[in-house]
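Please keep the sequence and the model in view while reading.

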Amino acid sequence: MHRHRRRLLTIVTESAIESRLTKDLDRWGAHGYTITDARGKGARGIREGNWEGNRNIRIEVVCDEDTARHIADHLREDYYDHYAMILYHSDVEIMRPEKF
Amino acid sequence: MLDPVVLFFLLGVTAGVLKSELRLPVQVYELLSILLLLAIGMKGGIELARQPFFELVPQMLAVIALGFVLPFLVYPILMGPGRMPRADAASIAAHYGSVSVGTFAVVVAYLAARDIAYEAYMPLFVVLLEVPAILVGIAMAKGLRGTTGWKASTHEVLLGKSIVLLVGGLLIGWLVGEEGIKPLEPLFFHPFQGLLALFLLEMGLVTASHLGSLRRYGLFLLAFGVVTPIVFATIGVVLGWLLGLSMGGAVVLATLAASASYIAVPAAMRISVPEANPALSLAASLGVTFPFNVILGIPLYHALSEQFYRYTGAS
């Protein structure tokens, strides 16, 4: 079966901005995303996720190279300064190109 | 007299400070807060059904006005002696102008344990006090012209968990009345103190996790977190008296004025005033003011209200 290359964007950030961020992702051309609860430690301290005030989420987006760059640029501009957020990219292979 | 629920809070704080493994599952905490919010809402609704609604309008307007005024009293102090950036001062002002439902639940339990009567429709005031300070805080940070964030933030607050459940509970209680609510009592009302004890255990653990950041921000925040609730409570007692509330009602209003939000306002500020540092405002509201109110504040406001009512000859 033929495989296609896409980019996987993984964003780890505060759950407080989930609804705003997902709206932005739609606007910036993501066809879909997957969100999971996350816990961990970073530059802004330990986020245990034990109550509603300090929960983290991990958002995964699979998209083409251009969209990935577009999203990353916007995130850097609009979110990096004020929110706890990290972003990393990786290459993935998918089988149904029309979905991503 | 020591309240058992306060001891549960202290247990949580102690366990947290000692880095115990103790933790309530997130879903349990969620369920506890949903049950408490609905129970508080329905209690208020039942009482509302007994009241001619229009007679409450002057009190409601006064409480809304209180919500708008309180942030203005602390903003200059945070900017001046506190030397805080504008966004942080505005955010903390919003936290202190708004309310904490957890603290409200504790004062209700406190009064119930002492058989002190209060106006049972006061959950309505919790709803009314929650929102105005948030709007003031955003305006302080952004100016009135900066419209960005208003819509998202209003939506966030009005459809946030606490408002939806409190207003929903109020309406349900109001519609079905005391008789109608009877079948729900075993779940919502009989175990109220036990649910509150567990909730405060978890709040103790959360409070302990914010004590660390308090050390970083120092004495000003500590003093601010203790003095502000005392001043606001005094305003609450006087306002309660002016509005013709009972002595117990004045204690509740004082506690509402003294309490600082740690759920609804932080969430709204994250969205509308992202440049404000959330660790700073939570260290004050959750690390100082919440424990102060629960342990010392409420008995103090009770004594204050009692003295004031005795002095003025009201009952």
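E275(B) is partly exposed, at 35% relative accessibility; buried means under 20% relative accessible area, exposed over 50%, and partly exposed in between, with a 1.4 Å probe and protein chains only. The model is predicted, so that local features need pLDDT of at least 70 and side-chain atom pairs count only at pLDDT 80 or more, while totals for chains, interfaces and linings use all residues. Residues are numbered from 1 along each chain as its sequence is written, chains are lettered from A and ligands numbered from 1 in the order in which they are written, and side-chain values use heavy atoms, leaving out hydrogens and water.

K142(B) is the salt-bridge partner of E275(B), with the closest N and O atoms 3.6 Å apart; a salt bridge is a side-chain nitrogen of Lys or Arg within 4 Å of a carboxyl oxygen of Asp or Glu. K142(B) is also partly exposed, at a relative accessible area of 29%.

R5(A) is exposed, with a relative accessible area of 57%, whereas R7(A) is buried at 17% and D91(A) is partly exposed at 48%. Salt bridges with shared partners join R5(A), R7(A), E65(A), D66(A), R69(A) and D91(A) into one network. Over all chains, the count comes to 16 salt bridges.
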